[in-house]
Amino acid sequence: MLDPHALRTDLDALVARLADRGFAFDRDTYGHLESERRRVIQEAETLKAERNKVSDEVAKLKREKQDASHLIEAQRTVGEKLKALEHAEKEADAAFHAFLAGVPNVPHASVPSGKSEHDNVEVKKWGQAPAIAKPLDHVELGTKLGILDLDRAAKLSGARFSVLKGLGAKLERALAAFMLDRQTEAGYTEVIPPYLVNADSLQGTGQLPKFEQDLFQVPHGESKLYLIPTAEVPVTNLYRDEILDGATLPLRHCAFTPCFRSEAGSYGKDTKGIIRQHQFHKVELVTFTTADAAEAELERLTADAEAILEALELPYRRVLLCTGDMGFSSQKTYDLEVWIPSQQTYREISSCSWFGDFQARRANLKYRPNEPKAKAQLLHTLNGSGLAVGRTWVAVLENYQQPDGSIRVPKALEPFMGCEVIR
């Protein structure tokens with residue numbers, strides 16, 4: 001959520017930056033909600049001052065043993081008006097914050113302007129694409145090897161689900177274990193969070209209210225829970241409504257979880273194979289830090305995700321997303337894209353984002369600096385995939401395919417797989 005004070009003091013600049021990312025800020029609605037909110041607050045303050053004045057007069061008359069009944073009646077009337085105003089203030093405040101909840105984050109000054117993925121900027125490329133004469137895609141490879149079964153998955157659950165079998169299942173498990181080991185060695189504390197979360201958690205990270213159609217919902221008593229779209233949601237909300245000790249920062253967590261996405265707005269995209277699924281596994285990296293350390297933390301987190309690709313010797317590139325291609329809550333994002341031989345292109349395998357204090361303001365995430373009488377301040381949050389396990393599975397199959405249809409196991413994974421080749 002944007003800083004209301006910044007909107008009041010620098011509205012034109014913020015509106016311009018939001019327009020650069022394709023968002024039309026509704027000035028009229030904002031102006032009405034802000035003025036109504038301020039009107040109610042000012043009226044309440046005036047009445048409180050009047051109540052205090054009457055109270056003083058009542059006390060004075062009582063000390064002088066004079067009749068104060070008329071003032072007591074006036075005091076009661078003021079109290080009733082204040083109660084009505086308190087209700088109106090809550091409604092005005094709720095409407096104002098509901099409006100702000102639909103406004104995306106403002107891009108960082110270092111983010112290039114652009115309208116779509118075609119305006120993103122490549123900042124790094126690593127590794128050589130393997131020379132494969134006629135590369136098969138992961139569906140053909142996995143089906144022929146008997147390690148991927150999309151037909152039976154469709155029988156069980158419908159489209160965009162998969163069944164991994166034998167060494168295919170072991171490869172998924174090996175990749176997850178390898179990633180977790182590497183990230184915990186890099187200083188991340190592993191977390192196993194709940195896979196069902198409440199609406200407050202999704203509000204905190206920015207999935208609600210805007211992206212409710214992309215979430216799977218589960219009835220739970222008189223309310224409902226949501227299947228997590230990413231471990232970012234529960235891990236970021238671990239410290240919701242808390243004030244952390246600044247001496248403990250940065251806090252770095254990693255989590256391996258299933259992720260569930262209805263993909264409501266993506267029908268027709270990547271319908272073949274397991275690039276885009278309703279259920280997939282991911283190792284997520286989440287960091288909590290201070291404003292002055294956050295930009296450097298983004299570079300570190302991105303490098304930690306890149307280290308997995310380099311250890312697996314998978315060619316990739318790093319791309320800085322333009323203003324028009326960033327996620328709702330992000331102020332700066334790097335995408336890591338891995339080489340997919342069958343498509344002869346790079347495909348996203350991780351998004352590493354810096355959110356500034358946008359999520360912290362929504363989730364009330366704060367820390368207290370290690371200084372005398374220091375006031376609590378908003379944290380900066382970051383996250384990224386380290387990595388999306390299913391897409392890494394695809395990349396391994398396609399980049400390590402052999403002429404006979406077998407898959408050479410990356411050296412780094414051999415201890416986890418217990419074999420050198422998947423036949």
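This is a predicted model: local features need pLDDT of at least 70, side-chain atom pairs count only at pLDDT 80 or more; totals for chains, interfaces and linings use all residues.
Just after α6, the backbone of G158 adopts a positive phi of about 105°.

Helix α6 also takes part in the second largest pocket. The space in this pocket amounts to about 290 Å³, and 14 residues form its lining. Helix α6 (150-157) is one of the elements that contribute two or more residues to the lining of the second largest pocket, together with strands β3 (163-164) and β10 (279-289). Nearest the centre of the second largest pocket lie S162, L164, Q277, Q279 and H281. Sorted by class, the lining of this pocket comprises seven nonpolar, six polar and one charged residues.

A packing arrangement is found between helix α5 (residues 138-145) and helix α12 (residues 389-399), whose axes are 9 Å apart and meet at an angle of about 80°. Helix α5 is therefore roughly perpendicular to α12, because angles of 65 to 115 degrees are counted in that class. On the α5 side, the contact is made by H138, L141 and G142, while α12 supplies V394, L397 and E398. By class, three nonpolar, two polar and one charged residues make up the contact of α5 with α12.

The bond that joins L208 and P209 is cis, with omega of about 5°. P209 belongs to the loop between α8 (199-205) and β6 (217-220). A cis peptide bond also runs from L249 to P250, where omega is near 0°. P250 is located in the loop between β8 (242-245) and β9 (251-260).

A further backbone feature concerns E313, a residue other than glycine that has a positive phi, near 55°. The loop that holds E313 lies between α10 (291-311) and β11 (316-320).

Terms used: Residues are numbered from 1 along each chain as its sequence is written. Side-chain values use heavy atoms; hydrogens and water are left out. Axes are lines fitted to C-alpha atoms, for helices over the stretch in contact, and angles run from 0 to 180 degrees between N-to-C directions. Helices (H or I, at least four residues) and strands (E, at least two) are DSSP runs, numbered from the N terminus. Angles under 35 degrees count as roughly parallel, over 145 as roughly antiparallel, 65 to 115 as roughly perpendicular and the rest as oblique. Contact means heavy atoms within 4.5 Å. Ala, Val, Leu, Ile, Met, Phe, Trp, Tyr, Cys and Pro count as nonpolar, Asp, Glu, Lys and Arg as charged, and the others, Gly among them, as polar. On a 1 Å grid over the protein atoms alone, a cavity is a set of points where a 1.4 Å probe fits but cannot get out, and a pocket is an open set with protein on both sides within 12 Å along at least five of seven lines; lining residues have an atom within 4 Å of a point. Grid points are joined across faces, edges and corners, and a volume is the space filled by probe spheres set on the points.
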